[in-house]
Amino acid sequence: MRLESILESLVEERRIHYALDRFEAALKAAGNPEKSVNTLIVAGTNGKGSTALYLSSILKEAGHRVGTYLSPHLQNVRERFVSDLKCAETAELDEVAAELVALGKKFELTYF
């Protein structure tokens with residue numbers, strides 16, 4: 001199953017629920033994978049993508065393995081998922097999406 005079709009099948013983004021209860025429940029059902037990584041969140045009005053990539057580059061040069069999520073993408077959804085400064089491969093994203101689609105549907109997660 002392709003990532004794009006899986007994302008389109010989830011609850012539409014225009015119906016975003018700002019409460020985190022469903023997302024937290026989905027993370028718990030997945031074994032709380034977020035607890036095994038250190039995270040930086042870049043917030044603000046302008047320059048978030050550039051700043052995130054600058055930080056990713058600095059951390060990679062310092063010897064860390066770095067995953068970066070960017071939103072929105074410009075041409076392809078693969079641009080959102082960056083590992084050590086390289087976009088994720090389509091086959092890799094399709095595999096992960098296929099593993100997690102049931103979880104997304106169970107907890108009514110949105111495209112975002």
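Which residues make a nonpolar surface patch of about 360 Å²? Leu 40, Leu 55, Ile 58 and Leu 59 do, and the views below take us there and beyond. This is a predicted model, in which local features need pLDDT of at least 70, side-chain atom pairs count only at pLDDT 80 or more, and totals for chains, interfaces and linings use all residues. Residues are numbered from 1 along each chain as its sequence is written, and side-chain values use heavy atoms, with hydrogens and water left out.

**View 1. The whole chain.**
Let's start with the overall layout. The chain has four helices and three strands, where helices (H or I, at least four residues) and strands (E, at least two) are DSSP runs numbered from the N terminus. Read from the N terminus, the order is α-α-α-β-β-β-α. Along the principal axes, the C-alpha atoms fill a box of roughly 40 × 30 × 30 Å. Of the 112 residues, 22% count as buried; buried means under 20% relative accessible area, exposed over 50%, and partly exposed in between (1.4 Å probe, protein chains only).

**View 2. The nonpolar patch.**
Here are Leu 40, Leu 55, Ile 58 and Leu 59, which make the nonpolar surface patch. Patches are made of residues with over 30% relative accessible area and no salt bridge, with like charges joined within 9 Å and nonpolar side chains (Val, Leu, Ile, Met, Phe, Trp, Tyr) joined within 5 Å. Accessible areas come from the Shrake-Rupley method with a 1.4 Å probe, and for residues only the protein chains shown count as cover. Find Leu 59 in helix H3 (residues 48–61). Leu 59 counts as partly exposed because its relative accessibility is 31%.

**View 3. A patch of negative charge.**
Now look for Glu 89, Glu 92, Glu 95 and Glu 99, which gather in a negatively charged patch on the surface. Lys and Arg count as positive and Asp and Glu as negative, while His and the chain ends are not counted; the place of a charge is taken as NZ of Lys, CZ of Arg, CG of Asp or CD of Glu. Glu 95 belongs to helix H4 (residues 90–106), and Glu 95 is exposed because its relative accessible area is 51%. Glu 89 sits in the loop between strand E3 (86–87) and H4.

**View 4. A salt bridge.**
Side chains of opposite charge can pair when their charged atoms come close. A search of the whole structure finds one salt bridge, meaning a side-chain nitrogen of Lys or Arg within 4 Å of a carboxyl oxygen of Asp or Glu. The partners are Glu 108 and Arg 22, at 3.9 Å from N to O. This pair links distant parts of the chain, 86 residues apart: Glu 108 is in the segment after H4, and Arg 22 is in helix H2 (residues 21–29). Glu 108 also has a positive phi of about 50° although it is not a glycine.

**View 5. Two backbone details.**
A cis peptide bond, with omega about 5°, joins Ser 71 and Pro 72. Pro 72 is in the loop between strand E1 (67–69) and strand E2 (81–83). Then move to Leu 85, in the loop between E2 and E3. Phi of Leu 85 is near 70°, a positive value in a residue other than glycine.
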